[in-house]
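Here are my notes on the model, point by point. Please read them with the coordinates open.

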Amino acid sequence: MSFINYASREINCKIVYYGPGLCGKTTNLQTIYGRTAPESRGKMISLATETERTLFFDFLPLALGDIRGFKTRFHLYTVPGQVFYDASRKLILKGVDGVVFVADCQEERLDANIESMENLKDNLEEHGYQLENLPFVIQYNKVDLPNLSPMEELQSFLNPRSVPEFKACALTGEGVFETLKAVAKLILVELKKGAG
Amino acid sequence: MFGSQSSLVMYDEEYQQIVDLAEKLLREANSKAVFLVDRNGQLMAATGETEHLDTTSLASLTAGNIAATGGLAKLIGEKEFSILFHEGEKDNIHISIVADRVILVVIFDHRSSLGLVRLRVKKASDALGDLFEELARKSSTVGTRGGPKNPFAEITDDDIDNLFR
Ligand SMILES: Nc1nc2c(ncn2[C@@H]2O[C@H](COP(=O)(O)OP(=O)(O)OP(=O)(O)O)[C@@H](O)[C@H]2O)c(=O)[nH]1
Ligand SMILES: [Mg+2]
């Protein structure tokens, strides 16, 4: 849920990166952090295990600029992708304004992608949200690797509604900002609609 | 959190009242800093010795903390743990939930005590609760006739594109 502060003339929106374990959610945030001017970003917080797997969440605040005199900030979160952290994933989705689903394009992760997408829908519903009504984009990550699922197959399983989708290599940065920009745009359009 | 509308909204008038209440609590509890954070991790107000603190991170971690312990509470059949207390070597953190809606964080050291902080927090919570009630009522009228204007009603595609230049 966005937060419009007339006193400090700020607006804050929450974006959650979702997807199966090791698909590259944390890498997306690290890349964004690494390529954003220091004055536009806050500290990145990673609550992770000793083996660098996300334990609770990553958090990165970004201040992109002004719209109509309001400082526009995006709070980026990742969820832990490992199946058994489901309770934590659910908590992170609370108050979400937009979702990025990061798919792992490697063939052997197809089932994990599908399972994670189902899990996203279930967890959103528990908060009373519908994925169809939220700003939502899909990123097909790790396209630099050799053993990829065919794109048509990924699309038919993960993106039947044809929401905006991007091929990416989160490690090199390909597609990372395109993805972020797309979801941020959808959120702002939604805010505008809500303004009625 | 604030009813069914999609945004939480804060206005100058209520903001000033919230800051006043936070400052009063800061003084009366002999504390170092007082924060108000919404449950989704967004900072609403901060007062006291905040200049060396990363308040954005503090807000996000506090909300995560409340969310995690709230999950724990449900597991054992409690509704929520309404107060959390973390004791450090020098500084301590007292976290509580005001009117089911907003997280109140008080940081204090040896110049105060847990007993005093608890007492003052309780008193401040009632006044803050009333204010948030009023704010919720008011933000449900955003964009309606007579209600405050939403700044996003008139944004254009260009405004949005310009953000990413
Ligand atoms: N080849 C390749 N490797 C990637 C890419 N993106 C991420 N990785 C690697 O994949 C591994 C897992 O990345 P993370 O970003 O930690 O994955 P995650 O989705 O946050 O995983 P969890 O926290 O367990 O949910 C790391 O070793 C990354 O370097 C990519 O585009 N290409
Ligand atoms: Mg991770």
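1. How many salt bridges does a search of the whole structure find over all chains? The count is 16. Keep in mind that this is a predicted model.

2. Start in chain A. A:Asp104 forms a salt bridge with A:Lys142, and their closest N and O atoms are 3.3 Å apart. A:Asp104 sits in strand 6 (residues 98-104) of chain A, while A:Lys142 sits in the loop between strand 7 (136-141) and helix 4 (151-158) of chain A, so the pair ties together parts that are 38 residues apart in sequence.

3. B:Glu13 forms a salt bridge with B:Lys138, with 3.7 Å between the closest N and O atoms. B:Glu13 belongs to helix 1 (residues 12-28) of chain B and B:Lys138 to helix 3 (residues 114-139) of chain B, so parts 125 residues apart in sequence are tied together. B:Lys138 counts as buried because its relative accessibility is 18%, and the cut-off for buried is under 20%.

4. B:Arg101 forms a salt bridge with B:Glu133, the closest N and O atoms being 3.7 Å apart. B:Arg101 is in the loop between strand 5 (92-98) and strand 6 (102-108) of chain B, B:Glu133 is in helix 3 of chain B, and the pair links distant parts of the chain, 32 residues apart. B:Arg101 is buried at a relative accessible area of 15%. B:Glu133 is partly exposed at 47%. As for networks, B:Glu13, B:Glu14 and B:Lys138 are joined into one by salt bridges that share partners.

5. Now the contact between the chains. How many salt bridges does the rule find across the interface of chain A and chain B? It finds zero. The contact takes 40 residues from chain A and 38 residues from chain B. Between them the two chains bury about 3700 Å², with 65% of that on carbon and sulfur atoms. On the chain A side, A:Met1, A:Phe3 and A:Tyr6 supply 21% of the area buried against chain B, more than any other three residues.

6. Next, the layout of chain B. This chain has four helices and six strands. From the N terminus on, the order is β-α-β-β-α-β-β-β-α-α. Its C-alpha atoms fill a box of roughly 50 × 40 × 35 Å along the principal axes. Of its 165 residues, 47% count as buried. Among contacts in chain B with a separation of 6 or more, 52% come from residues 24 or more positions apart. The accessible surface of chain B is about 8300 Å², and 49% of it belongs to carbon and sulfur atoms.

7. One surface feature of chain B deserves a look. B:Leu72, B:Leu75 and B:Ile76 form a nonpolar patch with about 360 Å² of accessible area together. B:Ile76 lies in the loop between helix 2 (55-75) and strand 4 (83-87) of chain B. At 61% relative accessibility, B:Ile76 is exposed.

8. On cysteines: the search of the whole structure finds zero disulfides over all chains. The cut-off for a disulfide is 2.5 Å. A:Cys105 is in no disulfide either. A:Cys23 is buried, at 0% relative accessibility, and A:Cys105 is buried, at 1%.

9. Last, two backbone angles in chain A to check. A:Glu52 has a positive phi of about 65 degrees although it is not a glycine. A:Glu52 is in the loop between strand 3 (45-48) and strand 4 (54-67) of chain A, and counts as exposed at 66% relative accessibility. A:Arg68, also not a glycine, has a positive phi near 50 degrees. A:Arg68 lies in the loop between strand 4 and strand 5 (70-78) of chain A. Its relative accessibility is 41%, so A:Arg68 counts as partly exposed.

Notes:
Residues are numbered from 1 along each chain as its sequence is written. Chains are lettered from A and ligands numbered from 1 in the order in which they are written. This is a predicted model: local features need pLDDT of at least 70, side-chain atom pairs count only at pLDDT 80 or more; totals for chains, interfaces and linings use all residues. Side-chain values use heavy atoms; hydrogens and water are left out. Patches are made of residues with over 30% relative accessible area and no salt bridge: like charges are joined within 9 Å, nonpolar side chains (Val, Leu, Ile, Met, Phe, Trp, Tyr) within 5 Å. Accessible areas come from the Shrake-Rupley method with a 1.4 Å probe; for residues, only the protein chains shown count as cover. A salt bridge is a side-chain nitrogen of Lys or Arg within 4 Å of a carboxyl oxygen of Asp or Glu. Helices (H or I, at least four residues) and strands (E, at least two) are DSSP runs, numbered from the N terminus. Buried means under 20% relative accessible area, exposed over 50%, partly exposed in between (1.4 Å probe, protein chains only). Contact means heavy atoms within 4.5 Å. Buried area is the accessible area (1.4 Å probe) that two parts lose on being put together, summed over both.
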